Amino acid sequence: MIRVDKYIKLIYIFAVLFLTAHISRIFVETGMMNWYEFSYKPSVTPVNEVFPIVWTIMYLLIGAALFFAIYDSPIEEVHKYNNEFLLQMVLQCLWCYTFFTKGELLWGFVVIIVMVLTAFRMIRIYTDAGRLSGGLLYPYLIWLLYATYLNLNFVIELGVSAPLQ
């Protein structure tokens, strides 16, 4: 049986994930209207309907990884796992803002490289809590690597900044 404090942790995780998804969606929608819809896209870019589905899965995996990492961990470890989680969420919002809202493709590429590097670190740190916690993050890392490839293609084809409408 899950104790009350475990429910509070779940509510916290879902609140942060929901807030991140909501902020990111606002940034993405702004970019969709301003340049993305009308712009070059690499041939391996999925249709727009795929992204919300994939990101929902990624957020659930990240949330589950955090929950399993903090489930029975001492408070010092909980803070360490939570800081990595929050860093990824902030970077996610920053990338959406930089890439989509501002159309700064090169800076978006820089941000996503930082995301990939911190995802590697997050996997290593979460694996200390258990292989399940670290393992749940591998799909996220793979998705980030794919997004990095797409972002790089945008930079190569469109240059440093997107042509804003």
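Me: The expected span of a helix is 1.5 Å times one less than its number of residues. In this predicted model, how does one know what reach to expect of helix α4?

Reply: Helix α4 covers residues 105-129, which is 25 residues. At 1.5 Å a residue, 36 Å is expected, and the helix reaches 36 Å from its first C-alpha to its last, close to that value. Just after α4, G130 takes a positive phi of about 155°.

Me: Why are α2 and α3 called roughly antiparallel?

Reply: Helix α2 (residues 50-70) and helix α3 (residues 75-101) pack at an angle of about 165°, and their axes are 9 Å apart. Angles over 145 degrees count as roughly antiparallel; the two helices are therefore given that name. Their crossing is left-handed.

Me: What makes up the contact between α2 and α3, and how do its residues divide into nonpolar, polar and charged?

Reply: From α2 come W55, Y59, I62, L66, A69 and I70, and from α3 come V78, Y81, N82, F85, M89 and Q92. Ten of the contact residues are nonpolar, two are polar and none is charged.

Me: Why is the pair of Y40 and F154 called edge-to-face?

Reply: The search of the whole structure finds 19 aromatic pairs. Rings pair if their centres lie within 6.5 Å, and planes over 60 degrees apart count as edge-to-face. The centres of Y40 and F154 are 6.1 Å apart and their planes stand at 75°, so the pair is edge-to-face.

Me: Which parts of the chain does this pair link?

Reply: Y40 lies in the loop between α1 (4-34) and α2, while F154 lies in helix α6 (residues 138-158). These are distant parts of the chain, with the two residues 114 residues apart.

Methods. Residues numbered from 1 in each chain as written. Predicted model: local features only at pLDDT ≥ 70, side-chain atom pairs only at ≥ 80, totals over all residues. Heavy atoms only, no water. Axes fitted to C-alpha atoms, helices over the stretch in contact; angles between N-to-C directions. Helix = DSSP H or I, 4+ residues; strand = E, 2+ residues; numbered from the N terminus. Parallel < 35°, antiparallel > 145°, perpendicular 65-115°, else oblique. Left-handed = near helix turned anticlockwise from the far one by under 90°. Contact = heavy atoms within 4.5 Å. Nonpolar A, V, L, I, M, F, W, Y, C, P; charged D, E, K, R; others polar. Phe/Tyr/Trp six-rings, centres within 6.5 Å; stacked < 30°, edge-to-face > 60°.
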